[in-house]
Amino acid sequence: MNPETERTWIINGEKMSVTFPPGRRLLDVLREDLKLTGTKEGCGEGECGACTVIVDGELIVSCLLAAGQVPDGAEIMTVEGLEKTEGGRLLQASYVEKGAAQCGFCIPGMIMSSYHLLSRGEPLSQPIIREAHAGNICRCTGYEKIMEAVSAAAEHWPKSEAKS
Amino acid sequence: MSVSLRCVEASDLLLPGSLPEALAMMAEPEPPTPLAGGTDLMVQCEAGARKPPARLLSLKQLPELKGIDEADDTIRIGAGATHWQIRNHADVKVGLPGLVEAVSMVGGRQIQTMGTIGGSLANGSPAGDIAPYLLIADAVVEVASIEGTRQIPIRNFLIDYRKIDLKPNELIVAVTCKVLPEGAKEGWRKLGPRAAQAISKIMGNYRGKIVDGVIESFAVSLGSVAPTAIRLPEVEAFLVGKPLSEETIAEAERLASASVKPISDIRSTAEYRKWVAGRLVRGFLTSFTKGNEGSEGSEGCES
């Protein structure tokens with residue numbers, strides 16, 4: 001059996017320390033150990049994107065990442081962190097406004113892809129917006145309303161939240 | 001409450017700080033299993049298709065595996081370079097445009113961010129998205145152990161179904177590709193049930209040069225039609241020196257279909273794959289007659 005690993009991460013802007021077996025999936029550390037249950041598990045095989053989070057600026061699926069591979073000091077953003085940012089709140093409102101969520105299970109991952117795309121501050125086009133969500137599967141909406149929500153949020157995206 | 005162990009939760013995880021340290025760990029009597037982006041290994045362990053290894057060796061944090069460097073007519077890509085990193089690299093965009101196309105259709109954004117070129121090769125799948133390109137770019141795989149490094153041409157590196165020329169104490173450290181020669185063109189096409197997040201039914205790559213309507217050189221490779229990605233030597237030998245005419249294209253299409261021996265599996269049938277192998281070759285050749293619009297990309301199709 002493996003020894004426990006301790007990590008201190010900045011999760012949604014807050015410093016948190018947690019101890020876990022290093023092979024434990026980041027998804028399980030977030031949901032089970034830290035009780036951040038906004039992040040969902042869909043397929044567990046990296047196909048559906050429901051468990052998408054941002055680690056040190058990179059969009060990843062937390063079901064395929066051994067938490068021990070995430071170094072001390074890493075900055076993690078989950079769906080719970082969205083409402084702490086202006087862009088996140090804008091996206092949430094836009095998703096609601098456009099009726100982008102139906103059953104809602106894919107949305108915590110989907111909206112992380114939206115946030116990651118828009119916060120990069122790069123030029124956008126419909127193909128770029130679509131491709132940025134290609135790793136997130138939704139079985140209800142047919143995606144159109146999600147794309148509308150992202151496009152609408154992009155128009156009002158706060159300049160302060162565009163980073164490289 | 002006890003929770004059952006998921007995926008590789010019971011595995012120990014080694015986190016070497018440098019390549020020499022990693023190679024020393026690989027030299028132990030029972031070497032650990034290398035773990036790069038996890039986009040194959042973690043899936044296989046979670047799905048029960050693979051027994052979780054007792055010890056994993058994380059490659060993610062090794063600085064030596066991350067670089068992409070151009071030299072003369074080659075580009076050396078560190079095994080730890082991610083698909084996303086490759087896709088956005090200025091030298092790769094110019095020198096290996098077909099590779100950019102291929103990595104752009106791996107999974108979705110998350111998988112491209114996590115998966116690495118070395119990991120794709122180490123997985124050894126006949127449906128892997130990268131190996132067919134490496135075949136047409138005459139790539140050389142660099143592997144290392146504490147005993148030293150070996151340079152292995154990709155066609156020798158891919159031995160058989162999920163069998164590669166890599167010893168238990170070795171790590172893949174880099175892949176060096178020949179850049180697209182002056183005046184040549186290359187491209188790629190993948191057919192799957194949908195554009196993103198799909199494993200291919202069949203895919204192919206080509207690199208060729210046509211001067212004044214005559215085929216000067218033509219390399220073509222296919223994935224998902226044999227135990228490993230393959231080149232089509234009969235088709236290539238036939239094409240060199242021929243005029244780019246409908247007659248030539250039709251014969252190349254026939255030869256391509258005749259020369260592959262695919263199997264039927266959950267993703268497609270042997271008959272369909274044989275037919276599409278010919279159609280891919282036709283499409284690649286036809287792209288030269290339509291000007292320089294690049295490859296035709298990826299598309300979903302009815303299964």
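View 1. In β3(B), B:Ser58 is the bridge partner of B:Leu35. This is a predicted model, in which local features need pLDDT of at least 70 and side-chain atom pairs count only at pLDDT 80 or more, while totals for chains, interfaces and linings use all residues. Residues are numbered from 1 along each chain as its sequence is written, and chains are lettered from A and ligands numbered from 1 in the order in which they are written. Three bridges join β2(B) to β3(B), and these strands run parallel. Strands here are DSSP runs of E with at least two residues, helices are runs of H or I with at least four, and both are numbered from the N terminus. Two strands pair if DSSP finds at least two bridges between them. The open sheet has three strands in the order β1-β3-β2 (chain B), with parallel pairing. Its edge strands are β1 and β2 (33–35) of chain B, each pairing on one side only. On average, neighbouring strands are turned by 35° against each other, direction ignored.

**View 2. Two helices of chain B pack together.** Helix α11 (residues 246–259) of chain B packs with helix α12 (residues 270–289) of chain B at an angle of about 150°, and their axes are 7 Å apart. The axes are lines fitted to C-alpha atoms, for helices over the stretch in contact, and angles run from 0 to 180 degrees between N-to-C directions. Among the residues that meet are B:Ile249 and B:Ala252 in α11(B), and B:Trp275 and B:Leu285 in α12(B). Sorted by class, this contact has seven nonpolar, three polar and five charged residues.

**View 3. Chain B meets chain A.** Here, 30 residues of chain B are in contact with 29 residues of chain A (C-beta atoms, placed from the backbone, within 7 Å). Elements of chain B that each supply at least two residues to this side include β1 (12–14) and α2 (41–46). α6(B) gives the most, with five residues. By class, the side of chain B that touches chain A has 14 nonpolar, 10 polar and six charged residues.

**View 4. Two domains in chain A.** Chain A is divided into domain 1 (5–78) and domain 2 (85–159), with bounds from an automatic or database domain assignment. Their C-alpha centres lie 21 Å apart. Across the boundary, 13 residues of domain 1 of chain A are in contact with 10 residues of domain 2 of chain A.

Note on methods:
Contact = placed C-beta atoms within 7 Å. Nonpolar A, V, L, I, M, F, W, Y, C, P; charged D, E, K, R; others polar.
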